[in-house]
Amino acid sequence: MKGALEAASEFFQLSTEHKEEFASDDIRQPIRYDTSSRDGISMSRSFLKHYANPLDDWIKFWPTQPPTYREKMGKYAVETQRVSMQLMEAILQGLGLGPLYLQEKLEGGVQFMALNNYPQSASKTTDEIGLAPHSDYGFLTILLQSSPGLEVMHHDDDAWTPVPAIPGALHVHVGDHLEVLSNGQLKSLVHRAVLNLIESRISIASIHGLSMDEEVHCAEELVDEHHPKMYRGSSFQDFLNFLPANMNKYKRFVESLRIDKP
């Protein structure tokens with residue numbers, strides 16, 4: 001975790017020329033750097049996004065500068081994928097689906113990493129938003145942050161709760177596709193990033209889901225006459241198609257999947 005934060009920090013400290021090598025308007029690129037978001041939710045951040053699982057397929061697209069980036073971020077990516085598998089086993093068992101449910105598909109699934117660099121807040125009186133409220137598309141997001149700035153919203157109120165940055169701790173968020181798979185038993189986490197008053201902040205989000213074209217549906221075992229199907233099936237490709245049409249609307253992907261009750 002320390003190495004990953006170091007690698008991310010060193011990347012964002014590179015010259016603009018180095019970072020702009022990865023700049024692209026195409027959200028389907030295997031790696032993409034930007035300073036203003038094309039996804040409609042960024043307020044104040046620069047970011048680097050790339051895929052990571054399986055590592056051998058994607059690491060060739062990663063930066064070669066700083067020199068230790070691939071080694072440090074690669075180790076972190078592999079360990080985070082391992083943790084995601086362990087967490088999913090426990091969650092799926094808790095849902096009554098069994099720990100091996102979807103195991104092979106999860107092992108070969110997407111791991112999408114988003115490295116975010118937020119500036120120090122210039123305001124001492126009001127919250128400055130670095131990343132607008134949203135939920136993530138996948139099953140789980142495992143988040144590492146260098147300092148406070150993450151805020152979450154509980155499902156039973158509209159208040160924002162700051163999440164402390166505990167050294168050595170990872171934050172785990174339920175994503176939209178886990179809400180779908182569980183047929184609404186689990187809810188995806190709405191969260192945002194506010195700028196830190198004391199220092200700049202780095203976060204590394206590792207988002208885990210099925211492969212690009214694999215659709216996630218409500219588990220048949222969790223659907224019956226008392227618990228009707230609540231969501232349509234969708235894939236990561238569907239999520240990528242959803243983004244451009246909903247830019248700046250702050251609509252969550254999972255909202256587009258809900259089946260209207262008669």
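**Entry 1: helix α4**

I began with the length of α4: at 1.5 Å a residue, its 26 residues should span 38 Å, and the end C-alpha atoms lie 37 Å apart, which agrees. I note at the outset that the model is predicted.

I then looked up where α4 lies. The helix, residues 69-94, lies across β2, β3, β5, β8 and β10. Relative to β5, α4 runs at about 135°.

Which residues of α4 are buried? I listed Tyr69, Met73, Gly74, Tyr76, Ala77, Thr80, Gln81, Ser84, Met85, Met88 and Leu92. I recalled that an α-helix has 3.6 residues a turn, so residues three or four places apart point the same way. I read the list of buried positions in α4 with that in mind.

After α4 comes Gly96, and I recorded that its phi is positive, near 85°.

**Entry 2: the sheet**

I turned to the sheet and followed its strand order. Six strands form an open sheet, in the order β1-β2-β3-β10-β5-β8, with antiparallel pairing. β1 (31-34) and β8 (171-174) stand at the edges with a single partner strand each, so one side of each has no neighbour in the sheet. I noted an average twist of 15° from one strand to the next.

**Entry 3: strand β2 and its partners**

I examined β2 on both sides. Four bridges join β2 to β1, and the two strands run antiparallel. Towards β3 (residues 111-118), I found that β2 (residues 46-51) is joined by six bridges, again in an antiparallel arrangement.

Which residues stand opposite Lys49? In β3 the bridge partner of Lys49 is Ala114, and Arg32 stands opposite Lys49 from the other side of the pairing, in β1 with β2. For Phe47, I recorded Asn116 as the bridge partner in β3.

Is β2 buried or exposed? Six of its six residues are buried, so β2 is largely enclosed by the rest of the structure. I recalled that in a regular strand the side chains alternate between the two faces of the sheet. In β2, I found Ser46, Leu48 and His50 buried on one side, and Phe47, Lys49 and Tyr51 buried on the other, and both faces are covered.

I next looked up Asp34, which lies in β1. Its relative accessibility is 8%, and Asp34 therefore counts as buried. Leaving aside neighbours within four places in sequence, I found Asp34 in contact with Arg45, Ser46 and Phe47.

**Entry 4: Ser135 in a loop**

Lastly, I located Ser135 in the loop between β4 (129-134) and β5. With a relative accessibility of 11%, Ser135 counts as buried.

What does Ser135 touch? Not counting residues up to four places away in sequence, I listed Asp176, Ser188, Leu189, His191 and Arg252. I then checked the polar contacts of its side chain. One joins the side chain of Ser135 to that of Asp176, at 2.8 Å. Another joins the side chains of Ser135 and Arg252, at 2.9 Å.

I also looked up Phe253, which is 118 residues from Ser135 along the chain. The C-alpha atoms of Ser135 and Phe253 are separated by 7.9 Å.

Note on methods: Residues numbered from 1 in each chain as written. Predicted model: local features only at pLDDT ≥ 70, side-chain atom pairs only at ≥ 80, totals over all residues. Heavy atoms only, no water. Pairing = 2+ DSSP bridges. Axes fitted to C-alpha atoms, helices over the stretch in contact; angles between N-to-C directions. Contact = heavy atoms within 4.5 Å. Buried < 20%, exposed > 50% of the residue type's maximum accessible area, 1.4 Å probe, protein only. Polar contact = N/O pair within 3.5 Å; in protein donor to acceptor, adjacent residues only side chain to side chain. Expected span 1.5 Å × (residues − 1).
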